[in-house]
Amino acid sequence: MEQLLEPAAPAAGRVALDGPQRIKFHASGSEYFRIWIVNLLLTIATLGIYSAWAKVRRNQYMYSCTELAGASFEYHGRPMAILKGRIIALVLIGGYNLALRVSPLAGLVMFVLLAAVMPWLVWNSLKFRLFYTSYRGIRFGFGGSTKAAYFHFLVLPLLYVVTLTLALPFVHQRIKRFQHTESRYGTQHFGFDATVGSFYKRYGILLALIAGGGVLSAVVGALLRGAGQPAPVTIVASIAVGYVWLFLLIPLFMNMIQNLIWNHTSLGVHRFSSDMKWGKVVAITLTNVLAIVVTLGLFTPFAVVRWQRYHLESIALLPGGSLDEFVSGQDDAVSATGIGATDMLDFDLSM
């Protein structure tokens, strides 16, 4: 455990920053393929038990390949801690499925219990992911309180439901603000100044484009009917246009949100920027999906590396001074229970 006010590791040396420092990602598809295939085979052979070790191996490789200002990140997660968390999460999810088979009422009771414990699990997941990540010898960390976790991960989602999704941009902004302002590097907390209005603007653009896709599908259908095409052909073509349009909108929205979030994130006197381009996101997404389908899944590790490279290398640090000013903070070890649950339920905490 680092001691309070412990300086950064001297091995990293003093860093003289000259201009924006873009993240560099050195992973290769072939190297990650070897890790991925071994992880997959051992996870299958051990009926999922090895998945915790697989996660640590994967993260250690990915973090070590991620470089900022001449130094790489490190991952310190422990497989046994992750495995225990996954066992607890499996018991909770299995209990819910079992209760649902017994009776709808039992399923409802178990669902309420899961909803009640989920904010605590998500909070612990955030603490675990950051505490076991370091850069230049200094650990990251996550604060917040149990009360704040329940407000952001239970009360706010309920507000989203009650307002029939109208509060979604507000909820999204509040959760991201909580995640960023409670995250810290050493003793320095991150800052986040994106407004609720900026989130509503992005969601408004998305909604307008979805409506535009509906109009485009209707126009295609009308043109085909006017050309004398049979009804089945017209219907299938209209649906196909709609699906393609939505497929293009998903990377567009990811692009808008990443740029919004990172362009409004700071760490003390340092700021961040993101210049992810929608066209590039679409090209990578489309070619990755096609390659995975053609290779029956074997292209997956290459697709992961391609996406991670563009995603990370779109982000840059805008230094306001030296990185040597940061000092380590003291924190207690955290539980991996949350990360087990969020992994199993496929929660994405990054967006």
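Predicted model: local features only at pLDDT ≥ 70, side-chain atom pairs only at ≥ 80, totals over all residues.
Helix 1 covers residues 29-45 and helix 10 covers residues 300-313, and the two pack at an angle of about 130 degrees.

Who does the touching here? On the helix 1 side you'll find Gly29, Ser30, Tyr32, Phe33 and Trp36, and they meet Thr300, Pro301, Phe302, Val304 and Val305 of helix 10. Sorted by class, this contact has seven nonpolar and three polar residues, with no charged ones.

Now move to helix 2 (residues 51-64) and helix 3 (residues 79-102), whose axes come within 8 Å and cross at roughly 130 degrees. Helix 2 and helix 3 are therefore oblique to each other, and their crossing is right-handed. Ser51, Ala52, Trp53, Lys55 and Val56 of helix 2 make the contact with Pro79, Met80, Ile82, Leu83 and Arg86 of helix 3. The breakdown by class is seven nonpolar, one polar and two charged residues.

On to the sheet. Strands in a sheet pair through backbone hydrogen bonds, either parallel or antiparallel. Here, 11 strands form an open sheet with antiparallel pairing, in the order 1-11-10-9-8-7-6-5-4-3-2. Strand 1 (21-22) and strand 2 (24-25) stand at the edges; each has a single partner strand, so one side of each is left without a neighbour in the sheet.

Let's zoom in on some of the pairings. Strand 4 (residues 71-75) and strand 5 (residues 133-135) run antiparallel and are joined by three bridges.

Strands 7 and 8 make a hairpin with two residues between them, and Gly186 in the turn has a positive phi of about 65 degrees.

Strand 8 also pairs with strand 9 (residues 265-267), in the antiparallel sense and over three bridges. In that pairing, Phe192 stands opposite Thr265 of strand 9.

Methods:
Residues numbered from 1 in each chain as written. Heavy atoms only, no water. Axes fitted to C-alpha atoms, helices over the stretch in contact; angles between N-to-C directions. Helix = DSSP H or I, 4+ residues; strand = E, 2+ residues; numbered from the N terminus. Contact = heavy atoms within 4.5 Å. Nonpolar A, V, L, I, M, F, W, Y, C, P; charged D, E, K, R; others polar. Pairing = 2+ DSSP bridges. Parallel < 35°, antiparallel > 145°, perpendicular 65-115°, else oblique. Left-handed = near helix turned anticlockwise from the far one by under 90°.
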